[in-house]
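Thanks for passing this one along. Here are my notes, in numbered points, to read beside the model.

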Amino acid sequence: MEYTCPVCGYEHLEDPAMDDEICPSCGTHFGYHDYNRTHQQLRNAWHESGAKWWSLEEPSPSYWNPEIQLENLSRLVEEIPNATEINTENTNSVKN
Ligand SMILES: [Zn+2]
């Protein structure tokens with residue numbers, strides 16, 4: 001089972017994006033970096049700094065492409081509107 005990073009869209013996290021998982025693609029340390037910043041903010045910061053592969057221990061895969069990754073993620077995030085930035089309450093509210 002692999003998991004998708006909600007910040008950069010990297011699709012091969014070994015564990016869910018929480019509890020000290022670190023994304024090798026964008027370097028987000030989940031449960032730490034996203035403690036007081038939204039995934040959107042982290043994504044923007046990563047993108048503005050050039051969307052570079054983060055991990056020094058793990059080389060970037062040959063297929064790795066940050067733009068395609070982000071594009072795929074934008075589709076995913078649309079499908080899960082309450083994935084970020086919204087508190088657990090209001091899960092039933094509908095936006096017009
Ligand atoms: Zn990431």
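What share of the 96 residues in the chain is buried?

1. Buried residues come to 19% of the 96 in the chain. A residue is buried with 20 or more other C-beta atoms (placed from the backbone) within 10 Å of its own, exposed with 12 or fewer, and partly exposed in between. Please keep in mind that this is a predicted model, where local features need pLDDT of at least 70, side-chain atom pairs count only at pLDDT 80 or more, and totals for chains, interfaces and linings use all residues. Residue numbers start from 1 along each chain as its sequence is written.

2. The chain has two helices and zero strands; these are DSSP runs numbered from the N terminus, H or I of at least four residues for helices and E of at least two for strands.

3. The largest nonpolar core has eight residues: C5, V7, C8, Y10, C23, C26, L42 and W46. Such a core is a set of buried Ala, Val, Leu, Ile, Met, Phe, Trp, Tyr and Cys residues joined through C-beta atoms within 7 Å.

4. Leaving aside residues up to four places away in sequence, L42 touches V7, T28, H33, D34 and R37. Contact here requires C-beta atoms, placed from the backbone, within 7 Å. Of the chain's contacts with a separation of 6 or more, 38% join residues 24 or more positions apart.

5. Have a look at D19, a non-glycine residue with a positive phi near 50°. D19 sits in the segment before α1 (39-48) and is exposed, because 9 other C-beta atoms lie within 10 Å.

6. A51 also has a positive phi, near 50°. A51 lies in the loop between α1 and α2 (66-79), and its 17 C-beta neighbours inside 10 Å make A51 partly exposed.

Definitions and conventions:
Two residues are in contact if their C-beta atoms, placed from the backbone, lie within 7 Å.
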